[in-house]
Structure formats: structure tokens, C-alpha cells
Amino acid sequence: MSKWMPSLNSLRALEAVARHLSYPAAAEELGVTPAAVKQLIVKLEDALDKKLVERRGRGLALSETAMTATNDLSLAMRHLTDAVRGMRESRDTKRLIVSVESSLATTWLVPRLHDFCFRHPNIDVLIDSSQRIVDLKRSDVDVAIRYGVGTDPDLITHQLFEDCVAPACSPTLAEGPLSSASLDQLPGVPLIHWDIAKLPWATQARRWFDWSEWARREGISNIEAGSGLHFSDYGMAVQAAISGQGIILASKPILHDQFDAGLLVLPFANSSTKTGIGYDLVMTKQADDRPEVMAFTDWLRSVSH
């Protein structure tokens, strides 16, 4: 059978391209480059001597052969995922894979994770930290923590907390350039930016961490909202603020520990704004019934309040 069956990687590539009709989107899901996905499709076409994916304007289209096989391929991939999950769950020690944006993992989740491991020593936790949104229905990820991402009716969602954003800085900066606690002093202080404009999931979140949007809401026009330090990682931006390099738009729930320890302060009174979006714990209905997922869900909801 191995002499005539195409490679599993090429079949996975076709299934992903068939759903997304995009090489870059399929590549992001599979964790490879768009060129690698295209090469896998070409190899599969050569093996089958059939055209499978065609250019249609600026997008992609499936041939009739590919469309006929798509449903069966998707079902096969789900069966493979379930089989692997079943083998993983058969061990005495359970393994839990948590998908979480890297900045949230660094600033909030990881400092608390030792408590879960102490309470549940038979559950191994693997943190999958990346900027991409994992398809929980097609991956081996058990649960995801997401921020400002739309809900899916096929998934179970528990809100951990609603976000609240405010300008924050080190105590040294607050006692020096910002000592009068007046917004009039802000133009003389370096701004620290969390740049999330390129993240596809951040459509709701980006406006709350954008200094231009904040200045517009506050009616401030005399600051250079684009100047200062820029970071793609929120944890690095927070460290810059703690070290006194400028002022940051801070997520108060996520940075609770830093505020509680006095590493960050709020220099302006009445400057906190609820965003209307929150941090959610998300999982499939099948995962929600598993004991290790239930244990993690209960623990996470308890430490987020």
C-alpha cells in the first residue's frame, strides 16, 4: 500500500488548502511556509496525475477531483486526530496542551502555573505559545485562552475576566516627570507601544492598545502618538515600562501582580477604561468532558477572579 499511497503530509496540505483556499492560511495552520504547502500540492498532483488546485484570479479554486475528495479527507483527518488523542489519553499521566498568546503566557499564566501543577501532579501541561489562532476542532490542542476573538457556536467558551486598560508606568516615572498626575505632562514622556496591528485576530483588541485611539478618546491632541518604543511582544513592553523607559497602556487584570508588587502604578486618576472584550477559555465539547480539561478549567476560573 505504501508504494501507491501519497504522503500524509501532502494529503494534510490539500485538506487545509481546500478549507482555506489560500496557501498562506494553510501554511500558518500547518506550521510551514506557503512555498512548502504549494510544493506538497504539486507533488500530490504528480503522484495522482490529476490537477487539484488552480489559480482563479487572485485566489485559489479546487478542481472537480479535489472537491470530490475534500469531505472524505476532512473526515479522515478528524479520525487521525481522535486516534492520536486516544493514544495520548491512555497513559496514566495525562497530558494537557494549552494554546495561549505568548505575551499572556509570559505575564499572567506561567507565574501561576506552578499552583496547578502542585494540585494536579498527574497532569503534564504543555504551553503552546504563539500568535496564531489554533483550530481546536482539527488540532491536538485541548484548550485555548483567547483575547478579543469572536465566539464559535461549536465551541464552549468561559470568560475569565473582562479587560480594563489604563496608562501605567514605573513609580520612578510617576514621581518624576508625571508627578503632578496631569495629562498635560504626557507629551514629555516616552510612549511604549504594543504593536498588534498585523495580528489577524486582534481586530477588536488593537484599538485599546493604540495610543492614537487612546488620545482621541481622551481628547488629547498634543502628543506624538506614534513615537516611542515599539514591541511586538507585550511582555517585553511591560518590562520596558517597569524599568522606567516610558508609559504603557496596561491591561489591569493581566498585570495585577505587577501593580500589586508596586512595579507599575497608574499616574492618572480616573483613566481606566473597560474595553467590553475579555479573556476567554475555549475548548471543544468533547474536550470539556475530559477530567484533565475540567480540572484545568476549574483551576483557571478560580485564579482569574
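Which side chain makes a polar contact with the side chain of Asp142? The points below answer this and describe the surroundings.

1. Basis. The model is predicted. The protein chain contains eleven helices and ten strands. Its C-alpha atoms fill a box of roughly 75 × 50 × 30 Å along the principal axes.

2. Of the 305 residues in the protein chain, 45% are buried. Among contacts with a separation of 6 or more, 75% come from residues 24 or more positions apart. The accessible surface of the protein chain is about 15900 Å², and carbon and sulfur atoms supply 52% of that surface.

3. Charge. The protein chain carries 32 positive and 38 negative side chains. The centres of these two sets are 6 Å apart.

4. Asp142. The answer to the opening question is Arg290: its side chain makes a polar contact with the side chain of Asp142 at 2.8 Å. A polar atom of the Asp142 side chain also lies 2.6 Å from the backbone nitrogen of Ile97. Asp142 sits in the loop between strand S4 (123-129) and strand S5 (143-147). Asp142 counts as buried because its relative accessible area is 1%, and the cut-off for buried is under 20%.

5. Val141. This residue is placed in the loop between S4 and S5 as well. Val141 has a relative accessible area of 6%, so it is buried. Leaving out residues up to four places away in sequence, Val141 touches Arg85, Ile97, Ser99, Asp128, Val134 and Leu136. Asp115 is 26 residues from Val141 along the chain, and the C-alpha atoms of the two are separated by 21 Å.

6. Helix H1. This helix covers residues 8-20. Its 13 residues should span 18 Å at 1.5 Å a residue, and the C-alpha atoms at its ends are 18 Å apart, so the two figures agree. The buried residues of H1 are Ser10, Leu11, Ala13, Leu14, Glu15, Ala16, Val17 and Ala18. After H1 comes Leu21, which has a positive phi near 50 degrees.

7. Helix H8. Which residues are buried in H8? In this helix (residues 234-242) they are Tyr234, Gly235, Ala237, Val238, Ala240 and Ala241. An α-helix has 3.6 residues a turn, so residues three or four places apart point the same way. The buried residues of H8 pack against helix H5 (102-119), along with strands S7 (191-194), S8 (229-231) and S9 (247-251).

8. The ends of H8. Asp233 caps the N-terminal end of H8, with a side-chain oxygen 2.9 Å from the backbone nitrogen of Gly235. Just after H8, Gly244 has a positive phi of about 85 degrees.

9. Ser170. Is Ser170 buried or exposed? Its relative accessibility is 2%, so Ser170 counts as buried. Ser170 lies in the loop between strand S6 (155-168) and helix H6 (171-175). Apart from neighbours within four places in sequence, Ser170 is in contact with Ala241, Ile242, Gly244, Leu263, Leu264 and Val265.

Definitions and conventions: Residues numbered from 1 in each chain as written. Predicted model: local features only at pLDDT ≥ 70, side-chain atom pairs only at ≥ 80, totals over all residues. Heavy atoms only, no water. Buried < 20%, exposed > 50% of the residue type's maximum accessible area, 1.4 Å probe, protein only. Helix = DSSP H or I, 4+ residues; strand = E, 2+ residues; numbered from the N terminus. Contact = heavy atoms within 4.5 Å. Polar contact = N/O pair within 3.5 Å; in protein donor to acceptor, adjacent residues only side chain to side chain. Areas by Shrake-Rupley, 256 points an atom, 1.4 Å probe, with all protein chains shown as cover. Lys, Arg positive; Asp, Glu negative; His and termini not counted. Charge placed at Lys NZ, Arg CZ, Asp CG, Glu CD. Expected span 1.5 Å × (residues − 1).
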